[in-house]
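Welcome, and thanks for taking a look at this model. Please keep the viewer open beside the text while you read.

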Amino acid sequence: MEQAKKDKLAEVALQIRRDIITEIHSAGAGHPGGSLGVADILAYLYFEEMNVDPKNPKDPDRDRFVMSKGHCAPALYAVLAEKGFFPREDLKGFRSIDSYLEGHPDMKKVPGVDMSTGSLGQGVCAAGGMALAGKLDKKNYRVYAILGDGEIEEGQVWEAAMFAPHYKLDNLTIFVDFNGLQIDGDITKVMNPTPIDKKFEAFGWNVELCDAHDFDSIEAAVQKAKSVKGQPTAIIAKSVKGKGVSFMENEASWHGSAPNDEQYKIAMKDLGVEIDG
Amino acid sequence: MADKIATRQAYGEALAEFGEKFDFVVMDADLSKSTKTDCFKKKFPERFINSGIAEADMISAAAGIASCGKTVFASSFAMFAAGRAFEQVRNSVCYPHLNVKIGATHAGISVGEDGATHQCLEDIALMRTLPGMTVISPADAVEARAAVLAAIEHDGPVYLRFGRLNVPAIFDKDTYKFELGKGVVLEEGKDVTIIATGLMVPEAIEASKLLKAEGINAEVINIHTIKPLDNELVTKSAAKTGAVVTAEEHNVIGGLGSAVAEALCEGCPVPMKRIGVQDKFGKSGKPAQLLKKYNLTAEDIAKAAKEVIAKKA
């Protein structure tokens with residue numbers, strides 16, 4: 001990838017991370033760890049890869065994105081705002097009574113959200129349905145989804161894992177955000193879902209590995225997925241939970257808690273913003 | 001009278017019939033021969049999607065397809081469609097109010113020999129609690145066909161409850177008018193109201209005959225749409241007769257009887273009895289034996305009718 005493009009994406013990802021922290025700090029609740037971890041993938045998808053138009057969010061020919069790990073709504077809202085689907089200032093309403101930015105994404109309320117998610121395992125199945133609908137309608141759109149590595153402990157994920165290769169859904173690409181942590185700790189200690197790549201391979205998927213914080217690596221995996229015919233692709237994206245905020249990185253405790261005012265200042269400083277007062 | 005036909009058979013045939021005019025997709029979870037969606041599969045193989053034995057994935061994938069603008073009929077046994085996949089129905093389908101129509105067959109105790117694990121007696125209760133969900137329980141093949149068409153034309157999720165057992169014809173295909181949310185008065189009466197759904201409708205009609213022989217005039221109402229309930233008709237009839245019996249092949253907790261009780265408690269409280277399965281699991285047996293064992297017969301309805309009449313002020 002050209003350096004200029006990379007710089008642009010890095011800028012988008014940084015803004016997404018700042019907005020994630022601001023949203024969760026404003027709400028006093030939310031899921032920063034996993035949200036920060038997928039910021040680079042979202043920047044790449046929405047600013048480099050996906051065919052979406054904020055002026056026509058329901059375009060039937062658009063590419064689709066499903067945040068299967070719906071608790072990472074702050075990251076999705078941030079990238080949608082950055083892309084222009086709705087005003088950035090609305091992000092401060094996240095999780096509040098008068099806002100349309102629910103704790104988990106609601107496709108009926110939020111422009112640019114293609115599927116309501118929050119209950120783990122369901123989003124990836126819906127993404128399979130969207131990809132199948134594209135095949136039935138002979139449309140060329142592609143469907144992307146991000147799953148958590150903890151999320152794949154849900155049995156329903158493996159129903160979808162059978163479904164997509166069976167129907168040769170090569171228009172479906174999923175990312176497994178492989179940060180190794182879930183609420184109760186290390187995924188291999190809570191309920192070991194590894195080896196993730198071999199599991200998807202055995203279910204009939206094309207499997208790619210990538211570094212979730214390296215745009216060249218993300219790009220290579222996505223472009224490979226697009227070239228594969230007759231098979232869906234699972235990209236196992238090695239990520240750092242809490243990426244970009246010093247005290248949140250690799251800490252399971254930041255899965256679902258909000259920074260206090262002091263922590264907010266430090267987090268924003270880590271992301272290049274000095275907060276006064 | 002026409003031959004007895006199961007509502008599930010009418011469901012499959014209606015899908016095949018209406019599939020010509022409407023561009024919907026049908027999904028099944030490896031039960032197409034039993035749910036009768038194979039009628040559709042034979043005619044429109046490219047629009048039939050088997051999820052395998054994976055009801056959770058079927059319902060969520062149906063939501064994904066529906067999000068792209070296509071109506072989907074997702075079919076399985078009531079036990080698995082409403083029971084196992086309840087949370088997928090709630091979060092993937094009802095929350096985003098998508099056009100997924102759940103064709104649930106083998107509902108109720110009349111499933112018979114398969115026994116308790118397959119006799120879903122809770123589905124009306126489960127589906128009725130979901131905001132925006134329409135719940136339909138047809139009484140015969142003609143009504144089942146009409147319900148499928150109504151589901152296609154309705155914008156939003158619909159739960160369709162069908163039975164395994166062949167049931168007698170009540171309605172005439174050429175004259176029957178189905179209106180979503182409207183009950184159907186089958187007999188007018190003044191002494192007691194019998195409100196029934198599904199295969200308990202013919203039992204209710206039979207009960208009214210038994211009562212007539214004893215000089216009691218029963219009003220018989222068929223409720224095909226349990227949600228939204230025809231509150232107006234139910235309340236008006238209760239006000240007229242002053243006593244109500246409900247009859248359903250479902251647990252008395254949460255089903256038609258509960259829906260009617262809720263309406264009458266607020267609108268017109270009268271003495272009432274609920275005929276249904278009394279908070280029990282089913283068991284193996286022949287459907288007719290089971291209906292008798294669990295007190296789901298015309299005689300049980302007639303007996304309950306006399307009890308509520310006796311309680312009138």
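## Where the two chains meet

In this model, 24 residues of chain B are in contact with 23 residues of chain A; a contact means that two C-beta atoms, placed from the backbone, lie within 7 Å. Helix 4 (55-67) and helix 6 (86-94) of chain B are the elements that give two or more residues to the side of chain B that touches chain A. Helices (H or I, at least four residues) and strands (E, at least two) are DSSP runs, numbered from the N terminus. Helix 4 of chain B provides the largest share of that side, 9 residues. By class, the side of chain B that touches chain A has 11 nonpolar, 10 polar and 3 charged residues. Here Ala, Val, Leu, Ile, Met, Phe, Trp, Tyr, Cys and Pro count as nonpolar, Asp, Glu, Lys and Arg as charged, and the others, Gly among them, as polar.

Some housekeeping: this is a predicted model, in which local features need pLDDT of at least 70 and side-chain atom pairs count only at pLDDT 80 or more, while totals for chains, interfaces and linings use all residues. Residues are numbered from 1 along each chain as its sequence is written, and chains are lettered from A and ligands numbered from 1 in the order in which they are written.

## Chain B as a whole

Chain B has 13 helices and 14 strands. Its radius of gyration, taken over C-alpha atoms, is 19 Å, close to the 20 Å that the globule rule gives for 313 residues, so chain B is as compact as a globular protein of that length. That rule is 2.2 Å times the number of residues to the power 0.38.

| Property of chain B | Value |
|---|---|
| Box filled by C-alpha atoms, along the principal axes | roughly 60 × 40 × 35 Å |
| Buried residues | 62% of the 313 residues |
| Contacts with a separation of 6 or more that join residues 24 or more positions apart | 80% |

A residue is buried if 20 or more other C-beta atoms lie within 10 Å of its own, exposed if 12 or fewer, and partly exposed in between.

## The sheet of chain B

Strand 5 (residues 100-105) and strand 7 (residues 158-161) of chain B are parallel partners over 4 bridges, and B:G103 has B:L160 of strand 7 as its bridge partner.

## Two details

In chain A, strand 1 (residues 64-67) runs parallel to strand 2 (residues 143-148), joined by 4 bridges. A:R64 stands opposite A:V143. A:R64 and A:V66 point one way from strand 1 of chain A, A:F65 and A:M67 the other way, and all are buried.

Back in chain B, B:V184 lies in strand 9 (residues 184-187). B:V184 is buried, with 21 other C-beta atoms within 10 Å.

Note on methods. Two strands pair if DSSP finds at least two bridges between them.
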